[in-house]
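Welcome, and thanks for taking a look at this model.

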Amino acid sequence: MRINAGTTQADDLDLVAVLKWDRDTYSIEGVGGKSVWVNGHRIDAVHLMHGDMIEFDAHGPMARFRLCEQSFPKRWPIDEIVSDAWTYARSSRRPLPRRISFAVGESFRRAAVQTTYYFRLSVIIVLCLITAFGIYLYRSDRQIQQALERDAHRIEAVTIMLAQTRDNALSEDDLVALQQRLESRLERNTSRLGVLEERSDSAARVIAESVPSVAFVQGAFGLRHIESGEMLKQVLSADGHVLRTPFGQPRLDPFGNGKPGEFQFTGTGFLLMNGQHIVTNRHVALPWTSKEQAQAFEASGLVPEMLRLVVYFPGITGPIEAELVGHSETADLAVLSIAPSHIEGRGLSLSDSPTRVGEEIYLLGYPTGLKALLAQAGNDFISSIRTEGEVDFWIIASQLSKQNLINPLASQGIVAQVSMGAVTYDAETTVGGSGGPALNRHGHVVAVNAAILPDFGGSNIGVPVAHLDQLLNDATNK
């Protein structure tokens, strides 16, 4: 555009707007349906004020309107440059990253070429002073560090020389003291060997006495469709076969014609002394309570429901029906109840005092569930199961129980860390061992195994038994 006598005239046909002098200021008006924005607002015509930001057409140029009394300035103060950049970034309709990058880049460019010589010279001087001060601090730090290192080496050398002098200058009293220390060390080693033998016998005794009270937990839950009130059941074909999804899983439907779909699980629990309660983890007794599963079920309009929950004890044939009587909302703990006639003479005691770091611990459980029990049973048992064709989840456990092949695995470790909410130890276990007792060398339960840390040296986490007090009180009063 070219401005003559207060009116803009176009040199070509691409006329976007007309700028006119109107009394004491200029006005701008869009032409031919072209879009003009002032301060981010689309206008047809408007009086311009000093500092307005004008944008011509959708992707056209932008300009800031200024009224100058005499000539247009060639040098700009830094506050005006920053103001221009801020006004552009706020008013432009271009994408935010492009606005910011252009505003910052243009500010630096104008600061370098449009500011006064005195300002640019001042900036250069300040930068040089900052650089010189940084170099001075770096050199001073290096000198101090070198001086400290020299002093440290000097002290170390003096210490070594004093130690060598003291070792070489032996007196009669030193020989007597040395002889006494050797005799004392011999006595301590003899005593320590006796303690180790005693502890070895103690570990075997604690494990043997505790095994009958450690339960193999086996269960299954189904899903009830909230809208229809029906359990999800298997869908059978006309010849009675279970129809499957493309992923190989049984097809389930609220109006299916088969048995309810089972989601099976196993875990570990232990019987309490002088009672009928079994302690385990909440995620064992209520395996659907993880946040991800609960959200998935809720989103699908389903609610979990326990179908069957049984326990097996070493030396007792057949499953024992169990019932969930309580679980903790704050700790990973749950309590089951069974008929007391099945468990006479069994049970474990809870420790009255918390365990300590460095204390030995014995962990009992059924890691990997049925797979580990089958591995312990041997090839003959597996061959017989395969011959009979009975590979059902429930039947295999029942057959193992009949042949007295359900026994927990034991591992030994050291307590690494103790807090109000957790006991960490390195006794090895894996999935399926959850809910097992962690015993001290007196055979008392100090924690309930709850989680494994495979990425941290095989360490495991247990819930301190102190968290059981309120839960057991509530279960006893039911």
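This is a predicted model: local features need pLDDT of at least 70, side-chain atom pairs count only at pLDDT 80 or more; totals for chains, interfaces and linings use all residues.

The buried residues of helix H9 pack against S10, S13, strand S15 (302-312), helix H7 (370-377) and helix H8 (379-388). Buried here means under 20% relative accessible area, with exposed over 50% and partly exposed in between (1.4 Å probe, protein chains only). Contact means heavy atoms within 4.5 Å. Helices (H or I, at least four residues) and strands (E, at least two) are DSSP runs, numbered from the N terminus.

Residues are numbered from 1 along each chain as its sequence is written, and side-chain values use heavy atoms, leaving out hydrogens and water.

**Helix H9 and the cores**

H9 covers residues 393-402 and is mostly covered, with seven of its 10 residues buried. Those seven are Phe393, Trp394, Ile396, Ala397, Ser398, Leu400 and Ser401. Just after the helix, Asn404 takes a positive phi of about 55°.

The largest nonpolar core has 39 residues, and Phe216, Leu370, Leu400 and Leu468 touch the most other members. H9 gives this core its largest share, five residues. A nonpolar core is a set of buried Ala, Val, Leu, Ile, Met, Phe, Trp, Tyr and Cys residues joined through side-chain atoms within 4.5 Å. Leaving aside residues up to four places away in sequence, Leu370 touches Phe216, Gln218, Phe393, Ile396, Ala397 and Leu400. Apart from this core lies another, of 24 residues, including Val284, Val311, Ala334 and Leu336.

**Strand pairing**

Two strands pair if DSSP finds at least two bridges between them.

| Strand pair | Bridges | Residues facing each other |
|---|---|---|
| S10 (residues 214-225) and S13 (residues 263-271) | eight | Val214 and Phe270 |
| S13 and S14 (residues 277-280) | two | Phe270 and Val279 |
| S8 (residues 53-56) and S9 | three | Glu55 and Met62 |

Elsewhere, four strands form an open sheet in the order S6-S5-S8-S9, with antiparallel pairing. Strand S6 (41-43) and strand S9 (62-64) stand at the edges with a single partner strand each, so one side of each is left without a neighbour in the sheet. From one strand to the next, the twist averages 30°; axes are lines fitted to C-alpha atoms, for helices over the stretch in contact, and angles run from 0 to 180 degrees between N-to-C directions.

Is Asn460 buried or exposed? At 1% relative accessibility, Asn460 counts as buried. This residue lies in strand S24 (residues 459-464), and the side chain of Asn460 reaches the backbone oxygen of Ala427 at 2.2 Å.

Asp426 sits in the loop between strand S21 (423-425) and strand S22 (437-439) and counts as partly exposed at 36% relative accessibility. Its side chain reaches the backbone nitrogen of Ile414 at 2.6 Å. Asp426 and Ala416 are 10 residues apart in sequence, with 7.3 Å between their C-alpha atoms.

Notes
A polar contact is a pair of N or O atoms within 3.5 Å; within protein, one must be able to donate a hydrogen and the other to accept it, and residues adjacent in sequence count only if both atoms are side-chain atoms.
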